[in-house]
Amino acid sequence: MNFKHRAQIYPKNAPFKLGFETIKEQIQTFCRSELGKEELSKISVLADREAIALLLNQTKEFKKLITDKDLLEPDTSYPEIKETLERIRVENTYLDFEEFIRYRTFLRQWAYAVKLFQRNGDELFPDLNMLVSLYPYEKAILASIEAILNEKGDIRPEISPELTRIRGEIKKTETIQDKKFDALLRHCLQNNWLTAEEQSIRNGRRVLAMFSEFKRQIKGIIHDESSTGKTTFIEPQSLVELGNDLFELRQEEKKEIIRVLRELTNELRPYIEHIGQYQKLAGKLDFIAAKAQYAISIGGEFPLMDKKTQLILNDAKHPLLLAAFKDQKRKVVPLNVELDKHQRFLMVSGPNAGGKSICLKTVGLLQIMFQAGIMVPTEAHSKMSVFEKIFLDMGDDQSIENDLSTYSSHLKSLKHFVNFSNSKTLVLLDEFGTGTDPQFGGAMAEAVMDHLMQKGAFGLATTHYSNLKLYAQRTSSMANASMLFDQEKMLPTFKLQIGRPGSSYAFEIAQRIGLNKSVIEYAKNIVGSKAGNYEQLVLQLEREKIELEQKLSSAQNKEQRYKELSEQYKALKDELKQNKKKMELSFKTQLQNELKNQNKKFEQQLAALKSNKKSQEEIAKEIRANLQKKAGKVESEVERLEEQVLQSKSDHDKIKLGSFVKMIDGTETGIVEEISGNLAIVAFNHLRTRVPLVQLQLSEQQKPLKRSSGVSVRNYIMEFNNTVDVRGMRAEDALHELEDLIDNAVVLNHQRVKIIHGRGNGILKKFIAEFLRSNGNVKSFEYEHADHGGDGATLIELQ
């Protein structure tokens with residue numbers, strides 16, 4: 001894949017003019033390592049479609065990783081070790097403890113990234129997996145360091161018995177030295193021979209800080225004096241030999257440490273190339289992570305890529321305006337632009353300060369970002385393609401050194417555009433034709449535009465010139481566009497509308513700011529009737545189009561509302577039919593069962609009649625009374641069902657989010673979590689189900705307890721345990737247990753709960769912390785006291 005195939009940019013500072021340097025500065029704030037910043041400095045605008053797609057896919061995958069709560073993103077704050085890698089290429093050189101700790105930190109971070117992307121690569125992160133797999137990962141590199149150094153970064157005792165022995169001797173000698181020194185210190189204090197400093201270290205030796213007039217009271221070696229000469233630092237003679245022993249032992253310790261570190265460095269030396277490649281790939285990964293974080297901050301998306309040359313931006317926003325307006329709590333007006341083979345060029349006109357230049361800059365900057373592999377703030381269904389050349393003429397490039405006036409600098413750019421444009425070129429022209437006499441400047445601009453259209457170029461141009469608007473109107477593959485203006489408030493709306501030219505509103509704006517009417521009338525007479533009529537025609541067309549759009553929008557809203565009501569009616573009708581059938585079936589079944597029971601009893605009574613002495617008339621009366629009693633029950637049941645249906649209809653209107661409800665034919669109480677049309681999503685304990693509103697009724701019971709069937713509330717409260725142990729569980733299972741604990745504690749009005757998760761490598765602890773931060777029932781949380789588990793357990797304070 002050719003990453004060196006770059007787009008041709010003219011002039012070279014075009015990205016700077018469009019604000020791309022500021023975009024890079026904003027991305028840099030998300031880089032967590034110098035390696036990532038170094039990769040950012042190499043960024044370029046590419047013209048290779050496959051390379052651009054790869055860069056954008058990598059960013060999209062990392063963005064998905066950041067927003068996925070089930071996966072822990074890799075730590076990309078990689079330490080830089082490039083200089084030490086070059087140094088240890090030389091034989092007999094070695095890394096010190098601090099350098100080895102940096103190596104271990106980096107290798108651990110890289111190992112996690114490789115494991116994460118290779119494990120989930122095929123399904124979730126194919127392009128990131130391909131990146132980390134570009135150079136084979138060798139587990140032996142990290143394993144060799146882990147085998148030598150403990151977590152504190154010191155040499156493990158079992159690695160060097162000799163070092164263990166030496167350190168034991170040092171500790172023993174220091175103990176003897178301390179006892180003797182402390183005895184002398186007390187003696188000197190009793191005699192007031194010591195200054196306020198009492199003791200110090202000089203030349204690696206422990207010394208007494210004595211007043212100089214008492215320095216002969218203690219035999220020993222003088223190591224130093226204060227600048228005033230009032231304090232003398234003496235090493236007692238009785239401690240000199242112990243000090244010498246300590247010095248020799250520490251020299252032995254140093255030699256043994258160097259020996260171990262040199263051996264460990266020798267083990268790493270064959271892998272210098274591996275570690276160097278890991279550093280390069282880690283820098284790329286940190287850069288990708290920074291681009292993903294930036295994309296999240298601006299609402300960036302990876303638009304659809306098409307081999308056809310086209311640029312269709314839906315709800316596009318200028319990323320620098322997004323950042324600026326965020327602090328001001330203002331919203332950026334989105335932009336919709338469409339360039340394809342049928343409409344390759346837009347001629348944008350409208351009032352000054354109406355947003356024409358912002359429109360052009362937005363298109364140019366988003367195209368630069370897209371071809372540099374940066375996600376852009378548009379709707380995901382936008383379409384962008386790759387331009388081999390991007391040309392920009394914007395601003396004043398006059399040069400005293402090169403004897404270029406403003407217009408000459410514009411002509412120099414136009415010359416390049418005319419000579420080198422083709423069907424894969426995006427041309428951006430701001431205030432096209434200005435800088436000279438409008439009559440000649442407009443004619444020259446029209447001629448240049450005609451040449452660009454013949455060459456098949458794509459692009460945008462902003463202008464006030466009427467001849468260019470007329471040229472766009474009569475030229476195929478070209479269209480006028482205007483920045484809309486509120487004629488009542490006389491303020492720009494910053495909305496782009498394609499299909500018609502825009503007015504400059506020069507006279508209207510002048511009138512609004514209070515310019516003398518006679519001056520305005522004089523100017524209108526100079527312009528002449530033709531130009532004035534043209535402006536009036538544009539204004540009239542604009543008003544009429546706005547009115548038609550408002551009427552169309554109103555009609556569309558009414559039509560949509562009619563469709564929604566029609567669908568709701570149909571759904572309700574179907575549900576009522578279904579409920580009616582269910583009730584009829586239930587009623588028929590109930591009657592059948594009653595008839596069967598009556599038949600059985602009739603047979604029993606008939607048999608009794610034969611064997612009983614009662615008269616037939618008495619028995620008939622009894623049968624008639626029983627039948628009337630049963631008929632009354634059936635009639636009551638029918639009335640109950642009818643009342644239930646009516647009640648469900650009235651409840652249907654009262655049910656809202658948070659209502660406690662139950663099924664018409666059920667007893668379990670649930671809570672309404674969501675209502676969509678005629679359907680509600682109801683949570684019955686841990687079960688969430690979609691239920692038609694007509695099948696629900698309000699429940700008198702509030703706050704249903706989460707408990708298993710058959711357990712009383714009283715027993716449940718007594719058996720409730722405010723502590724859960726999730727050690728050894730998978731993150732998903734642990735969070736499920738924690739969620740149940742919090743929910744039940746809230747229902748039972750418990751203020752504090754505790755979760756035991758253990759220390760481990762910290763991954764489970766991090767998942768739990770993230771869950772607690774996002775849980776609305778949690779007021780605060782902190783680690784347990786050190787005497788009761790420390791950071792192996794978390795105490796949770798509930799709202």
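Is Lys765 buried or exposed? With a relative accessible area of 16%, Lys765 is buried, where buried means under 20% relative accessible area, exposed means over 50%, and partly exposed covers what lies in between (1.4 Å probe, protein chains only). The structure here is a predicted model, in which local features need pLDDT of at least 70 and side-chain atom pairs count only at pLDDT 80 or more, while totals for chains, interfaces and linings use all residues. Residues are numbered from 1 along each chain as its sequence is written, and side-chain values use heavy atoms, with hydrogens and water left out.

Lys765 also has a charged partner: it forms a salt bridge with Asp791, with 3.5 Å between the closest N and O atoms. A salt bridge here is a side-chain nitrogen of Lys or Arg within 4 Å of a carboxyl oxygen of Asp or Glu. Because Lys765 sits in helix H23 and Asp791 in the loop between E23 and E24, the pair ties together parts that are 26 residues apart in sequence. Asp791 itself is partly exposed, at 28% relative accessible area. Helices (H or I, at least four residues) and strands (E, at least two) are DSSP runs, numbered from the N terminus.

Helix H23 (residues 763-774) lies across E22, E23 and strand E24 (793-798), and runs at about 155° to E23. Contact means heavy atoms within 4.5 Å; axes are lines fitted to C-alpha atoms, for helices over the stretch in contact, and angles run from 0 to 180 degrees between N-to-C directions. The sheet under discussion is open, with four strands in the order E21-E22-E24-E23 and mixed pairing. Its edge strands are E21 (723-725) and E23 (778-783), each of which pairs on one side only. On average, neighbouring strands of this sheet are turned by 20° against each other, direction ignored. Two strands count as paired if DSSP finds at least two bridges between them. E21 and strand E22 (residues 752-756) run parallel and are joined by three bridges, and Val724 stands opposite Ile755 in E22.

A second open sheet has four strands in the order E6-E10-E7-E8, again with mixed pairing. Strand E6 (304-305) and strand E8 (335-339) are at the edges with a single partner strand each, so one side of each is left without a neighbour in the sheet. E6 pairs with strand E10 (residues 383-384) in the parallel sense over two bridges, with Leu304 opposite Lys383 in E10. Helix H13 (residues 356-371) lies across E6, strand E7 (311-316), E8 and E10, at about 110° to E7.

Then there is the helix packing around H6. The axes of helix H6 (residues 97-120) and helix H11 (residues 272-298) come within 11 Å and cross at roughly 65°. This crossing of H6 and H11 is left-handed, meaning that the near helix is turned anticlockwise from the far one by less than a right angle (clockwise would be right-handed). On the H6 side the contact is made by Tyr103, Phe106, Leu107, Trp110, Ala113 and Phe117, and on the H11 side by Ile275, Tyr278, Gln279, Leu281, Ala282 and Leu285. These residues divide into 11 nonpolar, one polar and no charged, with Ala, Val, Leu, Ile, Met, Phe, Trp, Tyr, Cys and Pro counted as nonpolar, Asp, Glu, Lys and Arg as charged, and the others, Gly among them, as polar.

H6 also meets helix H10 (residues 237-268): the axes come within 11 Å and cross at roughly 35°, and the crossing is left-handed. Phe97, Phe100 and Tyr103 of H6 make this contact with Ile257, Leu261, Leu264, Thr265 and Leu268 of H10.

Asp75 is partly exposed at 32% relative accessibility, and Arg32 is partly exposed at 46%.
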